[in-house]
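Colleague: I would like to learn how to read a structure one feature at a time. Please give the general idea before each case.

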Amino acid sequence: SAGNFPMPQLMRNTGVIYTLETALKMLLEYQVIFLGEQHDSSAAHEAELGLLTGLYSLDSNLALAMEMFERDVQEILNAYLEGKISEAAFREQSRPWNNYPEAYRPLIEFSKFKGIPVIAANVPRRAAGAVSRANRISPEVLGSDAIYLPEKPPFRSRRYCELFKAAVQDMPAGPMGQIKPQALFKAQILKDAVMAASIEAFLDRRILFCCGHFHSDYHLGIPYQLKKVHPGIKIAVIAMASALETVPMKMLSRLADFFWIPDE
């Protein structure tokens, strides 16, 4: 037992709170487990590491998928995980996010130590940019990145589109402010579809998928694309307890299956 130290807990969307140990066993009922993060939240990064280490202790046949790396750096990521290149070379060539050292390095280092495959899931940023500028998803627009397109075009959810447009309206005006919300939405569903397709080769394993919460909230985003291609797949979505403050109570049961409550 952890003695007097508080431990993280998971709240089911029914309102029942479980110890992490119990919740991890419940998560074994699911094949793909999404953890939706705020990218700058240290609590979310602790949740990712807690889920990765906890799930691995119950199922060593685990894979980790990450929005934070793009499809075209998969070989570099693999080379680092296999000990073929140095960490310096890996970080120089894989375009890690600015907060990599404190946020995502622990996930990569644990995976390297345990031999967990890591999927660089996201579409290259330049491809998403090209789609939002052209307002069109097509092999011509994507150029050499068209190899990452799934077989079927991304599926569209009206609810997701509404949520996305509302979120874009709340964003501070920046370079994206000049681009129509409809075009940005196409780039968004391209990302979701590519991220869903990125795990195809690993569906014989349990997968922990770390992504920004908008890509998994309400089982929209990546889970939505995945379910359209694999209707029977069992998906769990975990949101951070901080979402409880911003979402009306009646929506919580739809937002996620579980809520991570950090150890305060």
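Colleague: Does S216 count as buried or exposed?

Modeller: Some ground rules come before that. This is a predicted model, in which local features need pLDDT of at least 70 and side-chain atom pairs count only at pLDDT 80 or more, while totals for chains, interfaces and linings use all residues. Residues are numbered from 1 along each chain as its sequence is written, and side-chain values use heavy atoms, with hydrogens and water left out. Buried means under 20% relative accessible area, exposed means over 50%, and partly exposed lies in between (1.4 Å probe, protein chains only). S216 counts as buried because its relative accessibility is 0%.

Colleague: Where is S216 found, and which residues does S216 touch?

Modeller: S216 is found in the loop between β6 and α11 (222-229). Helices (H or I, at least four residues) and strands (E, at least two) are DSSP runs, numbered from the N terminus. A contact is a pair of heavy atoms within 4.5 Å. Leaving out residues up to four places away in sequence, S216 touches F34, G36, C211, P223 and V237.

Colleague: How do I read a sheet, and what is the order of the strands in the open sheet?

Modeller: Start with pairing: two strands pair if DSSP finds at least two bridges between them. The open sheet here has 8 strands in the order β2-β1-β8-β7-β3-β6-β4-β5, and the pairing is mixed. The edge strands are β2 (17-19) and β5, each of which pairs on one side only. From one strand to the next, the twist averages 30°. For angles, axes are lines fitted to C-alpha atoms, for helices over the stretch in contact, and the values run from 0 to 180 degrees between N-to-C directions.

Colleague: Which helices pack on the sheet?

Modeller: Helix α1 (residues 20-27) is one of them; it touches β1 (9-12), β2, β3 (32-37), β6 (206-212), β7 and β8, and its direction makes about 100° with that of β2. Helix α10 (residues 181-198) also packs on the sheet, touching β4, β5 and β6, and its direction makes about 160° with that of β5.

Colleague: How many residues of β7 are buried?

Modeller: In β7, 6 of the 6 residues are buried, so the strand is largely enclosed by the rest of the structure. I235, V237 and A239 point one way, A236, I238 and M240 point the other way, and all are buried. β7 pairs with β3 in the parallel sense over 4 bridges, with F34 opposite V237. β7 (residues 235-240) also pairs with β8 (residues 258-261) in the parallel sense, over 3 bridges. There, A239 stands opposite F259 and M240 has W260 as its bridge partner.

Colleague: How do I describe two packed helices, and what is the case for α2 and α6?

Modeller: Two packed helices are described by the angle between their axes and the distance between the axes. The axes of α2 (residues 42-58) and α6 come within 9 Å and cross at roughly 15°. Angles under 35 degrees count as roughly parallel, over 145 as roughly antiparallel, 65 to 115 as roughly perpendicular and the rest as oblique. α2 and α6 are therefore roughly parallel to each other. On the α2 side, the contact is made by E48, L49, L52, T53 and Y56, and on the α6 side by P106, L107, F110, S111 and K114.

Colleague: What angle do α9 and α10 make?

Modeller: Helix α9 (residues 158-169) and α10 pack at about 120°, with their axes 10 Å apart. The two helices are therefore oblique to each other.

Colleague: Which residues of α3 are buried, and what covers them?

Modeller: In α3 (residues 74-81), the buried residues are Q74, L77, A79, Y80 and L81. Their cover includes β4 (62-70), α4 (87-93), α6 (105-114) and β5 (118-122). Just after α3, G83 takes a positive phi of about 75°.
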